[in-house]
Amino acid sequence: MSEQQGNTREVETFLAEWGPADDPMKSSFQELYNFAADLAETSLTFIGRPGVSYSLRPKHARQSERNLFAIIDVIDDDPAERWLSVCFYGDMISDPDQRGEVIPGGLSGDDGYCFDMYSPDREMVDYLKSRLQEAWLKASA
């Protein structure tokens, strides 16, 4: 089994164990996961730390200086009330609607943007997918 297949299996297991199928935050994470998984030449790393976070980290095959172009975290400090935090390197995305929080030095020592989602938000999911696309394009260059 390849590393990618193993990571996919881990994500799928996590999703299967995450409460009801209609949990809106689960659906939001699953949509972002599916979007990232469908980006060409992208590998996914999944790191589960129960009680802390479950972290999906996409990386473009052409990236050499960084190990990822985004972090899609499910924050698990209260498994009954999980929320999402999606972060990017500051030099890889724009934030035209100023929805993100600037995190100086907060992403592997580089400036980043994090977008927190505490409840289902269709517009935010679409906004994050646009940021994922933007970061993926920068990573592919």
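What span should the 14 residues of helix H2 have at 1.5 Å a residue, and how far apart are its end C-alpha atoms? Before the answer, a word on the basis of the description: this is a predicted model, in which local features need pLDDT of at least 70 and side-chain atom pairs count only at pLDDT 80 or more, while totals for chains, interfaces and linings use all residues. Residues are numbered from 1 along each chain as its sequence is written, and side-chain values use heavy atoms, with hydrogens and water left out.

Helix H2 covers residues 24-37 and should span 20 Å, which agrees with the 20 Å between its end C-alpha atoms; the expected span is 1.5 Å times one less than the number of residues. Within H2, the residues Met25, Lys26, Ser28, Phe29, Leu32, Tyr33 and Ala36 are buried, where buried means under 20% relative accessible area, exposed over 50% and partly exposed in between, with a 1.4 Å probe and protein chains only. Seen down the helix axis, the buried residues of H2 fall within an arc of 160°, so they line one face of the helix; the arc is that of the directions from the helix axis to the C-beta atoms. At the start of H2, a side-chain oxygen of Asp23 comes to within 2.8 Å of the backbone nitrogen of Met25.

The chain as a whole holds three helices and six strands, arranged along the sequence as α-α-β-β-β-β-β-β-α. These elements are DSSP runs numbered from the N terminus, helices being H or I of at least four residues and strands E of at least two. For 141 residues, a compact globule would have a radius of gyration near 14 Å, and the chain agrees with 14 Å; this radius is taken over C-alpha atoms, and the globule rule is 2.2 Å times the number of residues to the power 0.38. Buried residues account for 45% of the 141 residues.

Among the strands, S5 (residues 101-107) and S6 (residues 110-117) pair in the antiparallel sense over four bridges, and two strands count as paired if DSSP finds at least two bridges between them. Ile103 stands opposite Gly112 in S6. The hairpin of S5 and S6 has two residues between the strands, and there Ser108 takes a positive phi near 55°. S6 also pairs with S4 in the antiparallel sense, over six bridges, and Leu84 has Met117 in S6 as its bridge partner.

In the loop between strand S4 (83-89) and S5 lies Asp91. Leaving aside residues up to four places away in sequence, Asp91 touches Arg66 and Lys138, contact meaning heavy atoms within 4.5 Å. The side chains of Asp91 and Arg66 are joined by a polar contact of 2.9 Å; such a contact is a pair of N or O atoms within 3.5 Å, and within protein one must be able to donate a hydrogen and the other to accept it, with residues adjacent in sequence counting only if both atoms are side-chain atoms.

Thr42 belongs to strand S1 (residues 42-49), and Thr42 counts as buried because its relative accessibility is 13%. The side chain of Thr42 reaches the backbone oxygen of Leu39 at 3.1 Å, and a polar contact of 3.1 Å joins the side chains of Thr42 and Trp136. Beyond residues up to four places away in sequence, Thr42 touches Ala36, Pro58, Lys59, His60, Phe69 and Trp136; one of these, Ala36, is among the buried residues of H2.
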